[in-house]
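Notebook open, model loaded. I'm jotting down what I looked up, one item at a time.

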Amino acid sequence: MLSISPIQPTSSQSTAHSPLLRQLPLSRSHHLHHRRSRFCFHLLQLTRCRHPSALLIRALDAAQPYDYETRLSRRFSQSTALKIAIIGFGNFGQFLAKAFIRQGHTVLANSRSDHSSVAQSLGASFYADPHDLCEQHPDVILLSTAVIHTEQVLKALPIQRLRRNTLFVDVLSVKEFPKNIFLQYLPSHFDILCTHPMFGPESGKDGWTGLTFVFDKVRIGPQKSREARVENFLQIFEKEGCRMVEMSCAEHDKYAAGSQFITHTVGRVLEKLSLETTPINTKGYERLLDLVENTAKDSFDLYYGLFMYNKNSMEQLERLDWAFESLKKELFGHLHEVLRKQLFGKVEEGVQGPVLSKLPNNVAAFPPPKTNSVEINNN
Ligand code: NAP
């Protein structure tokens, strides 16, 4: 701090940063500029040779390049820091808030229940009344409400209290539904970004590296600042190491019904079996136990939302049902064959062994399973 500046008064430019000199009247005329430079030079001679208090001032000035960088980076992070309002401060909302706050963003929260003490412990501000929250003019309104209650929450938000260019984001596990209600209820001056972090408090508890984050920039105003704000928001997930996947909400729902909904359904079916760990667990069985652990902790509202608000889920449920029935038939068919062999000494000629048919991938209508062989064997 007190080191004496090695900067030499060689030009007026090198003196221009001095806090003392900043107070000098500036003029565009060469004459004045020249006089100012000369004055600077004299002042610096003074600071270097004669006046101890002036030395102090110069010393502060010398520290500026280092200080300048610190301040610059602080100013940069302040300019990219977002004020994010999370609506629905339950399991997932709180999980996201931790990462937002860790990255230096400001988090405001509103929810159906009073989560003020949790919010305080995380460093977020809780607003029981959505009017108060909206009057804080957040940059981003992020909906993290149960899918099945989201429409009523959005309709009840006093959006007239928000800034006109506020960015609306959702993190719902289905995507076409929030996209449609955003477009239906939000005036065109609000930006819309639909997202789905494809992980949760369980699967993301050890970090988000490599975990998938799906997003669709549904409606973003043409101004550079709006684009920058969206990028800034997406960077939160990039910085955490997520695999960023941009795709349409419709595509997401198609893929998610065949993967996420099936995962949750199988997890919930297994949960009903009350599986227990054994002294001889295989790796595969351990994975099943993990699956139950991962899915059963999510609320039924969440699971029900995956079913009700993704038009592809019903088809997947039927496929699962068909696959189970088909597998049973294949097993019983083999059993039937063994019994016939025991009864008649040989397999009847012209009768094939049972074959498990497979459904074509994601067909719109289900063809009846090709059960010819199975049916014959079941006769
Ligand atoms: P959830 O059961 O899907 O949603 C619970 C949240 O919804 C709570 O914040 C709850 O508020 C709020 N809520 C429910 N009914 C409400 C109502 N009538 N009015 C206002 N708020 C209401 O569980 P979640 O795990 O926290 O998920 C939140 C959202 O994130 C869901 O849309 C889910 O699909 C999505 N998501 C979850 C995960 C995950 O792994 N959990 C992952 C990705 C995306 P209160 O707590 O105040 O009652």
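Started with Gln 94, which I found in helix α6, residues 91-102. Keeping in mind that this is a predicted model, I then checked its surroundings.

Is Gln 94 buried or exposed? I get a relative accessible area of 17% for Gln 94, so I put it down as buried; the cut-off for that is under 20%.

Next, which residues does Gln 94 touch, leaving out those up to four places away in sequence? My list reads Phe 89, His 115, Val 118 and Leu 122.

Moved on to Leu 331, which lies in helix α15, a run covering residues 313-344. Here the relative accessible area comes out at 55%. Exposed is over 50%, so Leu 331 goes in my exposed column, whereas Gln 94 went in the buried one.

Together with Phe 332, Leu 335 and Leu 339, Leu 331 makes a nonpolar surface patch of about 420 Å².

Then I zoomed out to the whole protein. I noted 16 helices and eight strands. Of the 379 residues, 38% are buried, and Gln 94 is one of the buried residues.

How values were computed: Residues numbered from 1 in each chain as written. Predicted model: local features only at pLDDT ≥ 70, side-chain atom pairs only at ≥ 80, totals over all residues. Heavy atoms only, no water. Patch = residues over 30% accessible without salt bridge, like charges linked within 9 Å, V, L, I, M, F, W, Y side chains within 5 Å. Areas by Shrake-Rupley, 256 points an atom, 1.4 Å probe, with all protein chains shown as cover. Salt bridge = Lys/Arg side-chain N within 4 Å of Asp/Glu carboxyl O. Helix = DSSP H or I, 4+ residues; strand = E, 2+ residues; numbered from the N terminus. Buried < 20%, exposed > 50% of the residue type's maximum accessible area, 1.4 Å probe, protein only. Contact = heavy atoms within 4.5 Å.
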